[in-house]
Amino acid sequence: DIAKLLIMHGADPEIINNSGKAPIMIAFLKNDLKMMKLLLEGGANPNIEDKAGYALIHYAMDTGKDDVIKLLLAHKANINQLSKNKYTPIQLAIISGELVTVKEFWDMCKIDVNAKDRDGQTLLHHAARTGDPDMVAFLLAKGASPIIENKKGLTAGMVAKSKGHLEVVSTITGYMLKNSPP
């Protein structure tokens with residue numbers, strides 16, 4: 001394997017190309033797990049960021065590539081790494097609707113379920129906007145508050161309603177009725 005030979009002879013596994021991508025990111029884009037493993041074992045930094053300010057774990061969580069996430073974590077990737085836009089990998093997975101990934105890695109993450117982003121949106125707002133009732137139910141079970149308003153004064157339920165996501169509205173309303181004081 002040419003890549004293995006180059007790494008054995010001192011090639012830099014972290015060199016960034018003109019597109020702002022390190023070799024490990026290119027291997028990810030080509031879905032080449034074997035090459036990613038080779039690069040990590042050859043000293044590639046699992047937390048290296050591209051020009052856009054995202055690390056590979058951001059992309060892996062955003063696309064639900066659990067095998068890549070496990071490989072990166074085995075090589076000390078930071079599952080709580082902030083992007084330049086102040087997003088953690090788990091936040092991107094929630095926004096992308098990757099519920100299986102969110103459930104699998106939730107307990108590893110240090111996250112305030114009710115923290116607001118720069119627009120005042122919580123994770124629940126993002127999940128409500130995408131229309132995923134299962135993600136919404138998961139976040140509510142993890143302590144997300146359905147009464148927090150974003151900067152526009154909208155709760156997650158209002159966001160869901162404005163997008164026509166009636167199943168999400170029903171999920172939030174049901175949760176609120178079940179958990180409201182008598």
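Helix α3 (residues 33–41) has four buried residues, M36, L38, L39 and L40. Buried means under 20% relative accessible area, exposed means over 50%, and partly exposed lies in between, with a 1.4 Å probe and protein chains only. Helices (H or I, at least four residues) and strands (E, at least two) are DSSP runs numbered from the N terminus. After α3 comes G43, with a positive phi near 105°.

The model is predicted, so local features need pLDDT of at least 70 and side-chain atom pairs count only at pLDDT 80 or more, while totals for chains, interfaces and linings use all residues. Residues are numbered from 1 along each chain as its sequence is written, and side-chain values use heavy atoms, without hydrogens and water.

Next come the aromatic rings. The whole structure holds 2 aromatic pairs. Rings of Phe, Tyr and Trp (its six-membered ring) pair if their centres lie within 6.5 Å; planes under 30 degrees apart are stacked, over 60 edge-to-face, and the rest tilted. Y54 and Y59 form a tilted pair, because their planes meet at 55°, with the ring centres 5.8 Å apart. Y54 is buried at 16% relative accessibility, and Y59 is partly exposed at 24%.

W106 and F138 make an edge-to-face pair, 5.4 Å between centres and 90° between planes. W106 is in the loop between α7 (99–105) and α8 (123–130) and F138 is in helix α9 (residues 133–141), so the pair ties together parts 32 residues apart in sequence. Both W106 and F138 are buried.

A charge also sits over a ring: K65 lies over the face of F28, 5.9 Å from the ring centre. This requires NZ of Lys or CZ of Arg within 6 Å of the ring centre and within 35 degrees of the ring normal.
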